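Morning, everyone. I have one model to walk through today. Have a look at it first, then I'll talk.

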Amino acid sequence: MAKDFSKKRSDRFGITPQSFLEDFRGKDPSTRRYLLNTMTLFASISPEQQHQILNDLIQSELFILAEKTERYMYDNIKVILSKFDIDKKLNKKDIAEYYYRYYLITGAIPEKLTAEFLKILVNFVLGIEISKMLFLMSFVEQQRFFEIQGNYSTQVVLFYRYIRPIRAKLIKEKVINRDLIGHYYYNRPWLGEHQLLDYIFDLFTLEKVIFLGSCAQNFTFENEYIYKAPDHLDE
């Protein structure tokens with residue numbers, strides 16, 4: 001919006017959604033004036049400043065949501081992650097980061113913290129953490145993990161929907177290098193946190209991440225068996 005918008009014709013509507021206008025007209029006069037003054041000031045600053053203000057406000061709102069749900073998230077995530085020997089602090093800052101990642105994908109901040117939304121968010125966090133665990137396993141460790149799942153359909157879903165694409169991604173990005181005798185199968189990739197998240201969301205849709213999280217509670221996990229040294233290293 002130009003700074004001289006006050007000189008524009010007042011009958012040129014059509015940009016603002018009708019639903020927003022109706023909601024705006026239904027607010028009390030003081031709220032309408034506050035919104036108008038705020039939007040006028042917002043229109044007078046640069047696009048870069050506008051972007052930064054929006055980002056700050058979004059993160060502030062998400063941090064408030066994280067404060068409200070910290071205990072719920074901790075109670076419903078920590079016990080499941082501990083089964084996989086994943087140690088996560090899950091303080092307000094950690095939870096706000098998950099909210100922010102979810103917002104970046106969906107573009108929406110919930111108006112109400114419903115049980116349904118919180119369940120989705122719990123599975124979203126679990127899906128991210130299990131995906132990170134799979135990315136950081138060697139191929140033989142991935143193999144052991146999916147093979148010990150008692151349910152055949154679970155094995156199939158885990159391998160074809162998650163492990164095989166992860167392997168292809170690691171090879172494509174040359175995080176794991178092929179060689180003639182297959183040593184890459186035993187090498188454990190090393191990836192930074194931001195790189196891990198980029199790979200996960202480049203590879204998996206939101207729905208796939210949430211579905212993996214929903215399966216986490218039912219996965220079988222045996223640390224000593226999965227992470228034992230390969231037999232060929234003892235030869």
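Of the protein's 235 residues, 37% count as buried. Buried here means under 20% relative accessible area, exposed means over 50%, and partly exposed is in between, with a 1.4 Å probe and protein chains only. This is a predicted model, where local features need pLDDT of at least 70, side-chain atom pairs count only at pLDDT 80 or more, and totals for chains, interfaces and linings use all residues. Residues are numbered from 1 along each chain as its sequence is written, and side-chain values use heavy atoms, with hydrogens and water left out.

Confidence next. pLDDT is the predictor's confidence in each residue, from 0 to 100. The mean for the protein is 86, and 89% of its residues reach 70 or more. Helix α1, residues 18-25, is lowest, at a mean of 85. Helix α9, residues 206-215, is highest, at 96. Where pLDDT is low, the predicted coordinates should not be read in detail.

Now the fold. The protein has 10 helices and 0 strands. Those are DSSP runs numbered from the N terminus: H or I over at least four residues for helices, E over at least two for strands. Contact means heavy atoms within 4.5 Å. Take the contacts between residues at least 6 apart in sequence: 73% of them join residues at least 24 apart.

Look at helix α5, residues 115-135. It has 21 residues and spans 30 Å from first C-alpha to last. That is close to the 30 Å expected at 1.5 Å a residue; the expected span is 1.5 Å times one less than the number of residues. Why is α5 largely enclosed by the rest of the structure? Because 17 of its 21 residues are buried.

On to helix α8, residues 193-203. Leu196, Leu197, Tyr199, Ile200 and Phe201 are buried there.

At 14% relative accessibility, Tyr184 counts as buried. Its C-alpha is 8.1 Å from that of Ser138, 46 residues away along the chain. Trp190 is also in the loop between α7 and α8. Trp190 counts as exposed, because its relative accessibility is 71%.

For context, most residues other than glycine have a negative phi.

Last item: the second largest pocket. α1, α2 (29-43) and α3 (47-83) each supply at least two lining residues. The largest share, 6 residues, comes from α2.
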